Amino acid sequence: MRSAFAGLGLLLAAAATGALLSTQPQLVLPVGALALAAFGIAGVLSLPPVRRRFRWAQTDSDRRAALRATLGDYLARGNDLMREIGPLKNEHDPIEALKERATAWVTEVRDYLDRETPGWSAAFLNDSYRMQTVSQYGHRDILLNWLERRIAKLSELLQRV
């Protein structure tokens, strides 16, 4: 429906321009140059690399692709953190350093989700996922479980896109 109104608006604008040009022949060159410039700008803005650069020119498909790519990158970074946590036992300092990096990662993902898709950060931080890993390494397992829930939620969000 919106495209029909847009097409009707363009048709009326073209008719008005034609009527103006028929009575004012000295305006043909400036109006033609403006029309040519408008078509050139529209052509340049239709290129995907240009649309990615200017948020206001992006289509819904462009935004979904960018969201999918960014969430995939965040998921890969989260999986890298999980691989680093796995071999640790009760080494306090390396676990604390990983905890700080994991917290920074979660904060970065949360801020991105708040900015790009309001409401998704609440789903990302939701702890209703009941995956638990238990071993004799309690301090590590708390971090491991927390990070596993974030990765599982991020994976669910990625499937929504």
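A crossing of two helices is left-handed if the near helix is turned anticlockwise from the far one by less than a right angle. Keep that in mind for the tour below, which goes through a predicted model.

**Stop 1: helix 5 and helix 7**

Select residues 92-116, which form helix 5, and residues 138-160, which form helix 7. Their axes come within 11 Å and cross at roughly 25°. Angles under 35 degrees count as roughly parallel, so helix 5 is roughly parallel to helix 7. The crossing of this pair is left-handed.

Now show side chains where the two helices meet. On helix 5 the residues in contact include Ile95, Leu98, Ala102, Trp105, Val106 and Val109. On helix 7 they include Leu143, Trp146, Leu147, Ile151 and Leu154. Coloured by class, this contact has 13 nonpolar, 3 polar and 4 charged residues.

**Stop 2: Leu147**

Stay on helix 7 and centre on Leu147. Is Leu147 buried or exposed? Its relative accessible area is 0%, so Leu147 is buried. Leaving aside neighbours within four places in sequence, Leu147 is in contact with Gly78, Leu81, Met82, Ile85, Ala102 and Trp105. Draw a distance from the C-alpha atom of Leu147 to that of Leu81: the value is 8.3 Å, for residues 66 apart along the chain.

**Stop 3: helix 4 and helix 5**

Select helix 4, residues 60-85, and keep helix 5 on display. How do the axes of this pair cross? They come within 11 Å, at an angle of roughly 165°. Angles over 145 degrees count as roughly antiparallel, and helix 4 and helix 5 are therefore roughly antiparallel to each other. Helix 4 passes helix 5 in a left-handed crossing.

**Stop 4: Ser121**

Finish on helix 6, residues 120-125, and select Ser121. Ser121 has 10% relative accessibility and so counts as buried, the cut-off being under 20%. Not counting residues up to four places away in sequence, Ser121 touches Arg110, Leu113 and Asp114. With Asp114 there is also a polar contact between the two side chains, at 2.4 Å.

Terms used
Residues are numbered from 1 along each chain as its sequence is written. This is a predicted model: local features need pLDDT of at least 70, side-chain atom pairs count only at pLDDT 80 or more; totals for chains, interfaces and linings use all residues. Side-chain values use heavy atoms; hydrogens and water are left out. Helices (H or I, at least four residues) and strands (E, at least two) are DSSP runs, numbered from the N terminus. Buried means under 20% relative accessible area, exposed over 50%, partly exposed in between (1.4 Å probe, protein chains only). A polar contact is a pair of N or O atoms within 3.5 Å; within protein, one must be able to donate a hydrogen and the other to accept it, and residues adjacent in sequence count only if both atoms are side-chain atoms. Contact means heavy atoms within 4.5 Å. Axes are lines fitted to C-alpha atoms, for helices over the stretch in contact, and angles run from 0 to 180 degrees between N-to-C directions. Angles under 35 degrees count as roughly parallel, over 145 as roughly antiparallel, 65 to 115 as roughly perpendicular and the rest as oblique. Ala, Val, Leu, Ile, Met, Phe, Trp, Tyr, Cys and Pro count as nonpolar, Asp, Glu, Lys and Arg as charged, and the others, Gly among them, as polar.
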